[in-house]
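Please keep the 3D view open as you read.

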Amino acid sequence: MNILFITSTAVVVADPPQSRRLFVEALGLPLEGEGDGYYSSGSIPGSKHFGVWPLSQAAEACFGTPTWPADRVIPQASIEVEDADAVAAAGDELERAGFASLHPARTEPWGQTVTRVLTDDGLIVGISCAPVLHDGPHDDASA
């Protein structure tokens, strides 16, 4: 697996309005979004993408349902890492190393290809290729 960079970090939150109060109002981060949905920014120095991800949306992304399964640890954060050439292979490699996959590699409607695992500590780790987060049109190790 060839990790190019950490694509994004998102906190996973059960109470989106309260969390936005902290991150937007108290900390002053320039997060944008709508209603109780995902709020994020790509303009915070040192981060390609930072988001506040509602738990219901994390559950939908991983399991196709807005409710997080009771038999899984509730996630606290999500870190997406970049592997432009081998998302599925990286997911297989993590499974062989003993990490349970939340879902196989797939391409989301916005163009990101991703597979995710959940650590025992509640961290969603996604191996992904998100073309929009590259500096140039093909700035992913000459892909």
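1. Some ground rules. Strands (E, at least two residues) and helices (H or I, at least four) are DSSP runs numbered from the N terminus, and two strands pair if DSSP finds at least two bridges between them. This is a predicted model, where local features need pLDDT of at least 70, side-chain atom pairs count only at pLDDT 80 or more, and totals for chains, interfaces and linings use all residues. Residues are numbered from 1 along each chain as its sequence is written, and side-chain values use heavy atoms, leaving out hydrogens and water.

2. Seven strands form an open sheet in the order 2-3-1-4-7-6-5, with mixed pairing. Strand 2 (39-41) and strand 5 (101-107) are its edges, each pairing on one side only.

3. Strand 6 (residues 113-118) and strand 7 (residues 123-129) run antiparallel, joined by six bridges. Within strand 7, Ile-127 is the bridge partner of Thr-115.

4. The salt bridges. A salt bridge here is a side-chain nitrogen of Lys or Arg within 4 Å of a carboxyl oxygen of Asp or Glu. The whole structure has three. Arg-116 meets Glu-80 at 3.4 Å, N to O. Arg-116 lies in strand 6 and Glu-80 in strand 4 (residues 77-82), so this pair ties together parts 36 residues apart in sequence. Glu-108 meets Arg-106 at 3.1 Å and Arg-116 at 3.8 Å. Shared partners join Glu-80, Arg-106, Glu-108 and Arg-116 into one network.

5. Buried or exposed? Arg-116 is buried at 4% relative accessibility (buried means under 20% relative accessible area, exposed over 50%, partly exposed in between; 1.4 Å probe, protein chains only). Glu-80 is buried at 5%, while Arg-106, at 29%, is partly exposed.
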